[in-house]
Amino acid sequence: MPKHSPSTLNPRSPLVLDTRDLPRRPGALREVKRVVPAPADLGVELIGVPEGADLDLDLRLQSVSEGVLVSGTITGPVKGECGRCLREINDSMGVTIQELYAYEDSTTDATTDEDEVGRMQGDLIDLEPALRDALVLTLPTNPLCREDCPGLCPECGAHWDDLPADHSHQQIDPRWAGLSQLTVTEE
């Protein structure tokens with residue numbers, strides 16, 4: 001199993017949590033509430049969190065026998081465009097995370113694969129992978145500006161909301177066009 005070097009994480013990075021003041025005895029608890037800037041590329045093709053936007057972290061760090069359990073919520077703004085009508089979407093969302101970070105040289109560190117559980121590097125925890133997994137997997141791949149968005153007219157590309165109720169692009173077969181000139185008048 002490869003050993004992790006504490007020098008690979010920057011303790012000043014906003015999404016790196018320092019656990020030096022969290023005792024390593026099971027049950028010890030510390031709450032972390034802070035606002036951090038969102039990292040780049042936090043989203044999917046049509047919607048995501050803008051880089052540098054404020055993310056509110058409301059977390060609990062709890063010592064367990066094999067590491068630190070990080071749980072809580074992360075909320076922030078999302079921007080994108082509707083998959084049906086292409087209008088801009090400005091919203092906010094919150095995600096819940098719960099991730100175990102194993103102490104170096106712990107039984108969990110030795111008995112699990114590298115990607116099964118988070119790893120601590122010294123006293124540092126890199127929260128970005130857990131944040132990215134929780135947030136990106138929650139985002140819709142085809143976001144809507146509203147549930148009942150009617151989209152665009154396939155003929156002219158105008159928003160259905162902006163068009164009159166009788167809007168149509170009915171095309172008459174040229175072979176029958178002459179008949180459209182006939183009208184029945186009753187008196």
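Reader: What is the relative accessible area of Arg 132?
Author: Arg 132 has 23%, so this residue is partly exposed (between buried, under 20% relative accessible area, and exposed, over 50%; 1.4 Å probe, protein chains only). This is a predicted model: local features need pLDDT of at least 70, side-chain atom pairs count only at pLDDT 80 or more, and totals for chains, interfaces and linings use all residues. Residues are numbered from 1 along each chain as its sequence is written, and side-chain values use heavy atoms, leaving out hydrogens and water.

Reader: Which side chain meets Arg 132 in a salt bridge?
Author: Glu 128, at 2.7 Å, N to O. A salt bridge puts a side-chain nitrogen of Lys or Arg within 4 Å of a carboxyl oxygen of Asp or Glu.

Reader: Where do Glu 128 and Arg 132 sit?
Author: In helix α2, residues 128–138 (a DSSP run of H or I, at least four residues, numbered from the N terminus). They are four residues apart, so about one helical turn separates them.

Reader: How many salt bridges does the structure hold?
Author: Nine. One of them joins Arg 146 and Asp 161 at 2.8 Å, N to O. Both lie in the segment after α2, 15 residues apart. Arg 146 is partly exposed at 32%. Shared partners join Arg 87, Arg 146, Asp 148, Asp 161 and Asp 162 into one network.

Reader: Is Cys 82 buried or exposed?
Author: Cys 82 is buried, at 0%.

Key:
Helices (H or I, at least four residues) and strands (E, at least two) are DSSP runs, numbered from the N terminus.
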